Amino acid sequence: MSAAGIRTSVAVLFTALVLAVTAACTGGDGSSPSPRSSSPSGAGRAADVLAVKIDNVAPARPHTGLERADVVYVEQVEAGLSRILAVYSSALPPVIGPVRSARETDLELLRQFDRPALAFSGAQSRLLPLIDRAPLDAVPPSKAPGAYFRGPDRPAPHNLYLRPERIPFEASGVNAVGELGLDVGAPPPGGEPENSRTVRYPSASVTFGWSAERERWLVSLDGSPARTTEGGRLGAGTVIVQDVTVRPSDFRDRSGNTSPFTETVGSGSAVVLRDGRAYEARWARSAAAADTVYTTPDGHRVDLAEGPLWILYAPGGGA
């Protein structure tokens with residue numbers, strides 16, 4: 001058996017153990033795996049990061065592979081719910097999901113990265129041409145059918161998973177926060193002791209509780225501890241709650257609900273949680289192609305603690 005064949009077999013077996021599906025699971029449309037060497041977008045080089053749009057309602061939990069993300073974004077979608085955009089670069093899990101559809105917000109958000117790969121289940125038909133023109137490598141099931149499969153443990157649409165080894169992307173071993181112009185370093189001066197912070201959306205919430213023992217902010221989703229499919233708690237080294245404007249977009253979902261658009265270019269207030277303390281901060285992003293800069297009110301740069309970074313786009317902030 002070739003080396004590529006061995007890698008594929010190992011990935012399939014690991015997937016079966018994690019998700020309690022058999023190694024015979026195929027892609028979402030039943031087709032055979034597509035080779036890694038064929039780029040679904042025709043890009044001339046490998047992407048630096050992989051972004052995956054992930055479901056975040058109760059039937060989609062627990063999540064798979066989210067604990068391995070370098071950066072986790074949470075944004076508002078229709079009906080006041082939240083959805084996740086997970087960014088990978090330093091390492092890839094064998095399976096990620098459940099994968100859901102992209103939104104217009106993602107296109108502006110992802111301009112901070114250098115032509116990332118974007119895995120998503122689909123999008124509103126009028127949004128698809130914008131995705132095709134965006135500076136990213138789109139990898140939906142239609143372009144990489146062998147990379148996706150439906151698990152039998154939950155109903156559609158909450159059961160679509162990605163095998164990232166079957167798309168033309170390889171982890172660089174470098175944390176994706178570097179692509180954002182951020183660094184791990186000492187905390188800024190000041191700050192206030194903080195044990196818990198909740199970010200509320202109209203129909204969803206995310207809570208972070210500080211664990212000094214684990215040196216992590218432990219995540220709860222809609223009031224319940226967030227766990228992986230292997231049973232561990234999801235945690236963050238640094239949490240940034242970024243106050244943003246959320247306005248109606250020109251797009252609607254299939255039920256007729258207007259999709260919100262989160263403005264990530266501009267400036268505003270933020271709160272940075274790290275090391276059991278909360279720091280008041282400011283954020284500024286001058287253009288879509290620019291990084292978001294986080295500073296203290298007196299202008300000092302804000303560095304991150306070790307561990308995953310969670311950024312929550314909060315309509316009105318946290319409590």
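The legends below describe several close-up views of a predicted model.

Residues are numbered from 1 along each chain as its sequence is written, and side-chain values use heavy atoms, with hydrogens and water left out. Because the model is predicted, local features need pLDDT of at least 70 and side-chain atom pairs count only at pLDDT 80 or more, while totals for chains, interfaces and linings use all residues.

**View 1. The whole chain and its confidence.** The protein has three helices and 20 strands, where helices (H or I, at least four residues) and strands (E, at least two) are DSSP runs numbered from the N terminus. The average pLDDT, the predictor's confidence in each residue from 0 to 100, is 87, and 85% of the residues score at least 70. Over residues 1-44 the pLDDT is below 50, although this stretch has 73 contacts in the model beyond near neighbours in sequence, a contact being heavy atoms within 4.5 Å. Of the 319 residues, 51% count as buried, where buried means under 20% relative accessible area, exposed over 50% and partly exposed in between, with a 1.4 Å probe and protein chains only.

**View 2. The largest pocket.** About 630 Å³ of space lies in the largest pocket. A pocket is an open set of points on a 1 Å grid over the protein atoms alone, where a 1.4 Å probe fits, with protein on both sides within 12 Å along at least five of seven lines, and lining residues have an atom within 4 Å of a point; the points are joined across faces, edges and corners, and the volume is the space filled by probe spheres set on them. Among the 32 lining residues, R100, S101, R103, D253 and R254 are the closest to the centre of the pocket. The elements that give two or more residues to the lining are β3 (82-88), β15 (245-252) and β16 (258-263), and β15 gives the most, with three. The lining divides into 12 nonpolar, 10 polar and 10 charged residues.

**View 3. The nonpolar cores.** The largest nonpolar core holds 42 residues, of which L50, V52, L162, V239, W310 and L312 touch the most other members; such a core is a set of buried Ala, Val, Leu, Ile, Met, Phe, Trp, Tyr and Cys residues joined through side-chain atoms within 4.5 Å. Not counting residues up to four places away in sequence, V52 touches I84, L85, A86, Y88, I96, V99, A119 and L162.

**View 4. The surroundings of A290.** A290 lies in the loop between β18 (277-285) and β19 (293-295) and is buried, with a relative accessible area of 18%. Leaving aside neighbours within four places in sequence, A290 is in contact with Q112 and R285. A290 and L180 are 110 residues apart in sequence, and their C-alpha atoms are 8.8 Å apart in space.

View 5. Most residues other than glycine have a negative phi, and most peptide bonds are trans. The bond from R61 to P62 is cis, with omega near 0°, and P62 is found in the loop between β1 (50-54) and β2 (71-76). The bond from G97 to P98 is also cis, with omega near 0°; P98 sits in the loop between β3 and α2 (104-109). A79, in the loop between β2 and β3, has a positive phi of about 60° although it is not a glycine, and A79 is exposed at 53% relative accessible area. E215, in the loop between β10 (204-211) and β11 (216-221), has a positive phi of about 55° and counts as exposed at 56% relative accessibility.

Definitions and conventions:
Ala, Val, Leu, Ile, Met, Phe, Trp, Tyr, Cys and Pro count as nonpolar, Asp, Glu, Lys and Arg as charged, and the others, Gly among them, as polar.
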